[in-house]
Structure formats: C-alpha cells, structure tokens
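I set out to go through this model entry by entry, noting what I looked up and what I found. The sequence and the structure come first, and my notes follow.

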Amino acid sequence: MTTKISPPFTTFFTFTSPFSLSGFPALPLSLSLSLTMGALGWTWLPRIFAALLLISGGVFAAEIQTTLDGPFEPVTVPFDVALRGHAVDLPPTDPRVVKRVGGLEPEQISISLSSEGAIWITWITGDFQIGNHVKPLDPGSVRSIVHYGTLKRPLTHEATGYSLIYNQLYPFEGMQNYTSGIIHHVRLTGLKPGTKYYYRCGDPSVAAMSSVRSFRTMPEPGPSSYPARIAIVGDLGLTHNTSSTIDHMISNNPDLFLLVGDVTYANLYLTNGTGADCYSCAFPDTPIHETYQPRWDYWGRFMEPLVSKVPMMVIEGNHEIEEQAGKITFEAYSSRFAFPSEESLSKSTFYYSFNAGGIHFIMLGAYTDFNRTGAQYKWLEADLNKVDRSVTPWLIATWHPPWYSSYKAHYREAECMRLEMEELLYSYGVDIIFNGHVHAYERSNRVFNYSLDPCGPVHITVGDGGNREKMAIVHADEPGECPDPLSTPDPHLSGLCALNFTAGPAAGQFCWDRQPDFSAFRDSSFGHGILEVKNETYALWTWHRNQDFYDAKGDQVYIVRQPSKCPIKPNLLNV
C-alpha cells in the first residue's frame, strides 16, 4: 500500500488489500480512491488513516524509519516554554485518591507478572495510621484470598497468599510515624497463556470481597508470540501531568506496563504533609530526609483502574530509598509491590526477570550493589546465560538512571554502573534498554562504550511521566552548561567514575560541544512510550507526548534485530 497526500483539498490512496470504513462498503483489491476533502470534510482523514493502518501487508510510501537506516543525525526538538508550567500534585481531596471502600474491603488492587502461567494479585485492607503514636494492624486479622476463573460467574478457583504491614519510623521529635494498612499478595498459578480471567480478592469470611475484575495473561513464550502493546514510563509521581500521562496511556490499551523507577515522590514531603518541588531547597535543615507515606496510598488508589487489569512491573528509583530509623530503606517499595524475584532466582526485590511472550525482560537495580563481585552481577550473568533466544528472541533491560543521556540533569551520574555492567549486557546482545531519572525523553542510536555500534542496544530514556520536579530542559552540550565532574556523583550510585573522554569527537573533554552522536532524538516533554513487538526481528517504538492528541506520535522508529550480523555469547547451558 502506498499513500500520497496532495494538500489542501484532495487526498489519493492506492492500496492492495480490501478494507471498509464505517459508512463505506468494502473496497476491492488494487483500487485507487480519490477522496475530495471538500465533500467529506477533513474530519474523515483520521478515520481513513486508521482504516488504512489496519491493512495487512501494506507499507506507507512515507515509511517509518528503522534502526537499519541509522545511525541517525542527532535531532533536538525545540523546547516550548509554554509547557514548563508548574507540576502540581493532586491534593488528598481529589476524588481519584480518596478511599472509596469501607471496612476491610480491598483497595489499591494491582496485578503483576510471576513465572509462566502465574500472576500476582496485590491489595490493601484497613486504614493506614500516621501520627506520634501509631499501632500497627495485625496482618493475621484478615485472610488473603482470591477467587478466579475464566467465567465471570461462578469463579471456580481459589488461591490464598500472605499479608504484611510496614512502618516508616523517624527517631526525631516532631516527626510523625506511619504504619500501613494490611498489604496482601496472592499468587495465582496454572493459568493458560493469552487467556482472560476474572477475579475477586479479599476475605469472604468477613464479607470483604472486591468487585469482579479481569486481566489477560501474557502469550506463551515463543518467537512469534508477543503482547500487542507494552507501555513504558518512568518518574510518574502524582500530579495533574501524571493524570494526563495515564489518560494517554489508557487510550493506547496496553497489555503490560513497565514503570522504570520513581513512583510516588512521597519523599518530596515532610511527615506533616508539607511538600515542595525541591526537598533540599525547601527543607535544608531536616535531620533526616522525611517522607509523607500517605502519598503512596493516594497513588495506589489513583492507579487502581489501570493496574487492577493490566500487569505492572516496577523497578526501584532514587525516590524509593526513603531512609528511616535504623537506616532502613525501600520499605514502601519492597512491601507494596509483588515481584517475581524468587521465580527468577533473585534474592532481592531490586533486580529480577520475567518473560512476556517472546521477550525476556531484565529489571536491574542501580541503588544496590552492581559491582562485578556482587550478588546482582552474578545473578545477571546466570540469568543471561539461561535465556534461549530461539524462544525469547528479544532481550530488554531496564533500570532507573540512564547510562546515555545528554541532559545536564544527572549527567553521567550512573557511570560506575555502566563501567561494571555494559560489557556483559553487550556480549549477550541486549536489544533495548529503558531508563528514567532524567525528566525528559531521549532515544539513542545503537551505542556501546560511547561509540556508535550497529550491535549495541538502543537506549531510551522515558523519565517524563509527569512528576512534581518538572522537566529537564538544559543539555550538557550547550555553551556553559557542562557540569563540573566533581558535582556528578550520586552517593547512592557509588563514587566518581565519570572522567574526561579519551577518544572520539569529545576527547579530552567531559562533555560534547554539540549534541552527541549517540543521541538520535531528544525532546523535553511529558509523555509515555508504547512498544509493539511485531516478530522476532522488528519492534515498533512510539513515544506519545501529553500535549498532543491521543493518537499523535512524538517519536517513532522500528527497532530491528540483526542476530546474523551481531552474534551473541553462546548459552553455555545448551552447548
């Protein structure tokens, strides 16, 4: 199929497959249609395009670029100052974040993937407490039960799980402590791939069951079996911009949702509920970095309509550290979500892996030990070695801070992690890497060790979910904006590893003096991405900006695997 648009009044389409539009009959093969827009009106054009896109086997004359066309010349979309605005958090009175159930009825319901044929159901019962004197709830006071089946009624299967609570405690006078509601995790097993299931969760013995919800399991692993659409975003928060991001995401009907760190931004608040866009700027003298944990509950309620039916997979970011008394960290993150850690032989909630059809996903932790002698690296090496690329051809990795970003914010901050892990991921042929942390969008050319490499992965930063800290708009290659190397280390990400480049166009410098060659496309806008894996070699990546219409595309490219050109390290278990 080809298309040619001759503005402003007439559009011509030539196609080679039958299709029909609402109000039009099916059209025969090899028919050329001339539509006079003066007669139909321009409002028909989106519907015509939508129908044409459904035609199998056709290719637009205005083809979508593929990575085979790369490396691409760097592109920077001019920043629209009207979009900078003020990212305002949703207040606790917003109807989308208030508690809508009573007693021990489940709320904040979510689902996440486990191993093949299994899925986790998570929810909360009871009320959180915050104040100077809090009394934790008894997790054993209510059962963790899920009724489920392939028919809405009756739900013929039952599964039981476990429950817990967590505390966020501060050893300083005037700070308020927090104890959560009862968090339930139940694992459903024996599920068929690509099948719709209905479920209710709660405790039937106390008449505290949820309404009937549904989810669809992932397709079975295989080189021609993929979820249709995977939504990916980072640094979400709970602002009006977040609301726009999620609305746009829901309109794309995802089958799976990846959140690459920085979830609620509860740590932009004091324990009394006073918040700021910049914690250290507004509260420089607090003896410990406080948080307002009820923001987690608000977030869980806000997200429930989406994540109670679409599996959500989360990896930790720096805003989940949330240090408390006894130097305990990541309590909310590790307690509120269910992870396939045990299923993927990980001993940590900070890193794990899972399959979704013919894709093997690796979720890595940047805020835990990533050294080559550490547990995570050894787990990663073993996990990569078990991947059978004839079953799961696509290998995708995610973690929070990017290795390749040209923005001034967090510039080269994760260099220590890159130096430890990049070679291993490259040797096993990782195809795509998704990150957040930088509050903007950027897509790289294929790159390895800062050099363009046709066998390197494509790095995509999607830290533009909408959080309160606003967007990153300044690039490190702009005159006078290259940061001091000593200012770049994050104490949670090890020490100073980023030094001046020793080779390439930026040799002898800490920053490029122009947009780096590895940076193919960058745009400071809030939004989200959709990955559509078409087969074992082609995947369509589309980034959607919040300020655009729901079906508009801010960036789009086919990412193409070339296994014959880029041999990977052999699977030692199958040699």
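Which residues form one aromatic cluster? I list Trp296, Trp299, Phe330, Tyr333, Phe337, Phe339, Phe350, Tyr352, Phe354 and Phe361 as its members. I keep in mind throughout that this is a predicted model.

Entry on the whole chain. I counted eight helices and 31 strands in the protein chain, and I noted that 54% of its 575 residues count as buried. When I looked up the contacts with a separation of 6 or more, I found that residues 24 or more positions apart account for 70% of them.

Entry on Phe330. I place Phe330 in the loop between β19 (312-314) and α6 (331-336), and its relative accessibility of 4% is under the 20% limit, so I record Phe330 as buried.

Entry on His437. Here too I noted a residue that is not a glycine but has a positive phi, in this case of about 75°. His437 lies in the loop between β23 (432-435) and β24 (441-444), and at 1% relative accessibility it counts as buried.

Entry on aromatic pairs. The structure holds 31 aromatic pairs, and I looked up one of them in detail: the ring centres of Trp399 and Trp403 are 4.3 Å apart and their planes stand at 40°, so I note the pair as tilted. Trp399 is buried, with a relative accessible area of 0%, and Trp403 is buried as well, at 3%.

Entry on charges over rings. I found Arg412 over the face of Phe501, at 4.2 Å from the ring centre, and I found the charged end of Arg561 over the ring of Trp394, 5.8 Å from its centre.

Entry on two helices. I looked up how α7 (residues 375-386) packs with α8 (residues 415-427), and I noted an angle of about 5° with the axes 11 Å apart; the two helices are therefore roughly parallel to each other. Gln376, Tyr377, Leu380, Glu381 and Leu384 of α7 make the contact with Glu420, Met421, Leu424 and Leu425 of α8, and I divide these residues into six nonpolar, one polar and two charged.

Entry on cis peptide bonds. I noted that the bond from Gly70 to Pro71 is cis, with omega near 0°, and that Pro71 lies in the loop between α2 (45-53) and β4 (75-76). Arg153 and Pro154 are also joined by a cis peptide bond, with omega about -5°, and I place Pro154 in the loop between β8 (145-149) and β9 (157-160).

Key
Residues numbered from 1 in each chain as written. Predicted model: local features only at pLDDT ≥ 70, side-chain atom pairs only at ≥ 80, totals over all residues. Heavy atoms only, no water. Axes fitted to C-alpha atoms, helices over the stretch in contact; angles between N-to-C directions. Helix = DSSP H or I, 4+ residues; strand = E, 2+ residues; numbered from the N terminus. Parallel < 35°, antiparallel > 145°, perpendicular 65-115°, else oblique. Contact = heavy atoms within 4.5 Å. Nonpolar A, V, L, I, M, F, W, Y, C, P; charged D, E, K, R; others polar. Phe/Tyr/Trp six-rings, centres within 6.5 Å; stacked < 30°, edge-to-face > 60°. Buried < 20%, exposed > 50% of the residue type's maximum accessible area, 1.4 Å probe, protein only. Lys NZ or Arg CZ within 6 Å of the ring centre and 35° of its normal.
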